[in-house]
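Have a look at the picture, then follow the questions.

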Amino acid sequence: MSREPDLTGINHWQRAIDLATRRHKGQLRDNGVTPYVSHPMRVAMTLVVIFGIEDERILAAGAMHDLIEDTTVDHDEIAELFDDEIASWVSAVSKDMRLPHDAREEAYDQALRAAPWQAKLIKLADVYDNLVDSIGSEKLQSASRKADRMLMIASVDEELRGPASTLDELRLSIQICT
């Protein structure tokens with residue numbers, strides 16, 4: 001593995017975008033054309049523009065939310081480059097890909113239920129982006145089911161009321177239009 005560049009003095013979210021861009025290099029979205037890194041960048045933008053989040057630590061975790069799941073980056077590396085709390089938020093939104101599908105999804109839902117509201121907020125932005133990305137595709141039903149699951153998980157956190165409502169409005173609008 002190559003040595004990380006010295007980004008001392010750069011904001012968390014800028015460093016996170018740099019790391020995510022480098023580590024997702026060469027990965028594509030399911031359509032086989034779009035660079036994968038566009039998704040975590042849209043998740044960070046959803047946090048800012050749609051959900052009104054200004055906390056750069058949450059934005060950094062949003063930009064890195066798929067690193068553990070989809071690259072060789074692990075919790076410890078994120079903790080070393082950022083801090084343990086940011087690493088814990090990213091870990092909380094990462095599935096254990098070693099598990100069989102059904103066990104993985106159940107373990108993931110349990111971990112999200114126990115996660116801090118910041119991790120759930122990042123997951124809401126992730127689901128929001130995946131739902132928008134699935135409009136007009138065969139993945140729309142699956143994305144809608146995932147939105148339903150996440151809305152149930154997020155319903156217990158007062159801090160998530162606004163973002164959850166925004167995701168639910170999107171989900172309902174899409175259902176009406178399809």
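Q: How do the residues of the lining of the largest pocket divide into nonpolar, polar and charged?
A: The lining holds seven nonpolar, eight polar and 14 charged residues. Here Ala, Val, Leu, Ile, Met, Phe, Trp, Tyr, Cys and Pro count as nonpolar, Asp, Glu, Lys and Arg as charged, and the others, Gly among them, as polar. This is a predicted model, where local features need pLDDT of at least 70 and side-chain atom pairs count only at pLDDT 80 or more, while totals for chains, interfaces and linings use all residues. Residues are numbered from 1 along each chain as its sequence is written, and side-chain values use heavy atoms, with hydrogens and water left out.

Q: What makes a space a pocket and not a cavity?
A: On a 1 Å grid over the protein atoms alone, a cavity is a set of points where a 1.4 Å probe fits but cannot get out, whereas a pocket is an open set with protein on both sides within 12 Å along at least five of seven lines; lining residues have an atom within 4 Å of a point. The largest pocket is lined by 29 residues, with Arg29, Asp30, Asn130, Lys139 and Lys146 nearest its centre. Its volume is about 800 Å³, where volume means the space filled by probe spheres set on grid points joined across faces, edges and corners.

Q: Which helix gives the largest share of the lining of the largest pocket?
A: That's helix 8, with seven residues. Helices are DSSP runs (H or I, at least four residues), numbered from the N terminus.

Q: How many cavities of 30 Å³ or more are there?
A: The count comes to one, and about 90 Å³ of space lies in the largest cavity. Helix 7, helix 8 and helix 9 each give two or more residues to its lining. By class, that lining has five nonpolar, no polar and six charged residues. Lys146 is among the residues that line the cavity, and Lys146 also turns up among those nearest the centre of the largest pocket.

Q: What do the buried residues of helix 9 pack against?
A: They pack against helix 7, helix 8 and helix 10. Leu140, Ala143 and Ala147 are among the buried ones.

Q: What is in contact with Leu167, leaving aside its neighbours within four places in sequence?
A: Contact means heavy atoms within 4.5 Å, and with those neighbours left aside, Leu167 is in contact with Leu124, Val127, Tyr128, Leu131, Ala147 and Leu151.

Methods: Buried < 20%, exposed > 50% of the residue type's maximum accessible area, 1.4 Å probe, protein only.
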